[in-house]
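Dear colleague,

Please find below the structure that I am handing over to you, with its sequence.

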Amino acid sequence: LACELGHAACIKALLCSATIKLDYRDRGSGNTAYHFCCLGRVTSANDDDVNNKVSALDTLMSHTPNALRKRVLLLTNREGRNLAHIACSRGDLLLLKCVIGHLSNVSSQMPWKALTVTDRLLGHTPFISAVYAGECEIVAHLLITRFPSADYSILFSACPLTIAASNYDTAMATLLFEMGYDAQTTASSEISQIMRYDINRSLLELMLIRCGMDDGEEVDADNFELIRLLVSNGANPHKAVSIRKQQKPKTRGDDTVADLAGEEETPLSIAVMAGDFQSIECMLHSYMHALVETQSLRRKDPLLISQPESYFKAVEGRESDAIQDSLQSALVNALFLTWQSGDVNIGKCCLVLYRRGVKLSLRSLQWLEKCISMNRFVIPSSSWDHSGFYFEAPLVQYSLPKTYLDAIEVINPYANVGAFMCWSHVLLALPWTNRFSFNCKWMRNDTNADFDSDQLDTIHLLDDEFYLVVEDERLLLHKSIISAKSGKLAAAIRFMEAQGLCNDEEDKLCVSIDLPILLAKMLICHIYHGSVSFGLMTSPV
């Protein structure tokens, strides 16, 4: 209690009057007397709480045996937090300097050892605890101070910028960049890679938070300021980022990660899933501005100034290809989610991308068609062959009915014809058709060479025949192909079959429809032949 209240005189009196086990832990929290010195308790607004904590800790350390000092300074409570954790999370710079001073008195390696301990609750080091609490003064002090044999990649591997982005802490993010937190200016390639991941992961974190928000929740104004800050310092909304890094402490966006199927995602694709069209517009605008500036600085770089123009065009070409791939992926995702959910905000994401000039390629159209057909968003396989591909509806061939056929004709029902026969051939054999009335090169010419309609035997189609009555004209047709292609005509055929109304002379079904004769013939031609072959010849103009 004396340590928690910061009463140095009481601590001194107690230690002089009795033998006390200094490394004793509280049963509930696991805190020692040294932890309570750092925790403190503010009893009134006029108390100098900082000085009380420092003097209490100094008094306690002055009565600590040398053999016990290393142990008590590194002891952690049940949450895995040591003295440095508490000082950093509370933003107490004087207390942190006091703790580091006592650690240095034990050994020059002790301060760094204490600063690299991670707690059990969130996986935070003391440095990350200060970032999480938004204590800019503590963060600046730890980045400026040089500790012997320190590996600073340990601090950065905990993604401090992602923690700041998760809290919408623009001041902390600005401080980190002002302190040289830039992957492009770091000498160590290992640290450079860590920083580059952290900057891109920070932008992804903002989008993950938006994805986990309710639809009615408004976007924080700091969100857009952070987006512009991150992009201007190297974040790329088109770059895929690993979302399941094991070393990263827990953040607000981790709740959304569990719902994602992939191992990597781009900030742009996550923004589409969140329906955050405003952030998409902000990211694209900021990135294009930053890219123009980056390309300009690259051409003025003294180390690259001797490179030929082809080098810069090749680099810029690769950047442009990566951007287009990301935009295509985002648009496919947005169109699919709009089709699936009908969300207005995701539809606005599509409009933002279209206004940016994004147009679906043939490959993306195929990808979108596959997603819709499977009713789920799938990642395009690298094994897809797109050479010579043109997006079109799948070709469906309707087979002829196989009735009244002997055993040989079951195997090859058109063996007596001498050539392959399809519904287009049957259309030409109908009594009301004339091949030269069709504006189709295949019907007018090509069939003469490989098919003789006089040899066409359609006796096996007799049971399939019926009459379509249009403007008092009877057109001989076949129920199977008409029903397969037209749902309304199929319903009319079933209705007339149920009524049992047939032509008295030929005992064939008669179905009447109210259509102009030319339009009816064009429809029939499309059903049998697969295209509308009526109309004027192509004008030479």
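The notes below begin with conventions, continue with the chain as a whole and then turn to particular helices and residues.

Please keep in mind that this is a predicted model, in which local features need pLDDT of at least 70 and side-chain atom pairs count only at pLDDT 80 or more, while totals for chains, interfaces and linings use all residues. Residues are numbered from 1 along each chain as its sequence is written, and side-chain values use heavy atoms, with hydrogens and water left out.

**The chain as a whole**

The protein chain has 27 helices and five strands; these are DSSP runs numbered from the N terminus, with helices being H or I of at least four residues and strands E of at least two. Of its 541 residues, 45% count as buried. Buried means under 20% relative accessible area, exposed means over 50%, and partly exposed lies in between, with a 1.4 Å probe and protein chains only. Among contacts with a separation of 6 or more, 69% are between residues 24 or more positions apart, where contact means heavy atoms within 4.5 Å.

**Two helix pairs**

Two packed helices are described by the angle between their axes and the distance between the axes. Here the axes are lines fitted to C-alpha atoms, for helices over the stretch in contact, and angles run from 0 to 180 degrees between N-to-C directions. Angles under 35 degrees count as roughly parallel, over 145 as roughly antiparallel, 65 to 115 as roughly perpendicular and the rest as oblique. A crossing is left-handed if the near helix is turned anticlockwise from the far one by less than a right angle, and right-handed if clockwise. For residue classes, Ala, Val, Leu, Ile, Met, Phe, Trp, Tyr, Cys and Pro count as nonpolar, Asp, Glu, Lys and Arg as charged, and the others, Gly among them, as polar.

The first topic is the pair α10 and α13. Helix α10 (residues 136-144) and helix α13 (residues 170-178) have axes that come within 10 Å and cross at roughly 15 degrees, and the two helices are therefore roughly parallel to each other. The crossing of α10 past α13 is right-handed. On the α10 side the contact is made by Cys136, Val139, Ala140 and Leu143, and on the α13 side by Ala171, Met172, Leu175 and Leu176. This contact has eight nonpolar residues, with no polar and no charged ones.

The next pair is α5 and α7. Helix α5 (residues 66-74) packs with helix α7 (residues 93-106) at an angle of about 140 degrees, their axes being 10 Å apart; α5 and α7 are therefore oblique to each other. In this case α5 passes α7 in a left-handed crossing. Arg69, Lys70, Leu73 and Leu74 of α5 make the contact with His102, Leu103 and Val106 of α7. By class, the residues of this contact are four nonpolar, one polar and two charged.

**An enclosed helix**

Helix α17 (residues 267-274) has six of its eight residues buried, so it is largely enclosed by the rest of the structure. The buried residues are Pro267, Leu268, Ser269, Ile270, Ala271 and Val272. Just after α17, Gly275 takes a positive phi of about 70 degrees.

His478 lies in strand β4 (residues 473-478) and is buried, at 2% relative accessibility. Its side chain is joined to that of Tyr528 by a polar contact of 2.8 Å. A polar contact is a pair of N or O atoms within 3.5 Å; within protein, one must be able to donate a hydrogen and the other to accept it, and residues adjacent in sequence count only if both atoms are side-chain atoms. Beyond its neighbours within four places in sequence, His478 is in contact with residues including Trp423, Leu461, Asp464 and Tyr528.

His124 is placed in the loop between α8 (110-115) and α9 (126-133), and is buried with a relative accessible area of 2%. Leaving aside neighbours within four places in sequence, the contacts of His124 include His85, Asp119, Tyr132 and Lys250.

His7, in the loop between α1 (2-5) and α2 (8-17), is partly exposed at 39% relative accessibility. His7 and Asn52 are 45 residues apart in sequence, yet 6.8 Å apart in space, C-alpha to C-alpha.

**The loop between β3 and β4**

Most residues other than glycine have a negative phi, and most peptide bonds are trans. Glu471, although not a glycine, has a positive phi of about 50 degrees; it is found in the loop between β3 (465-470) and β4 and is exposed at 53% relative accessibility. Asp472 lies in the loop between β3 and β4, with a positive phi near 65 degrees, and is exposed with a relative accessible area of 79%.

With kind regards
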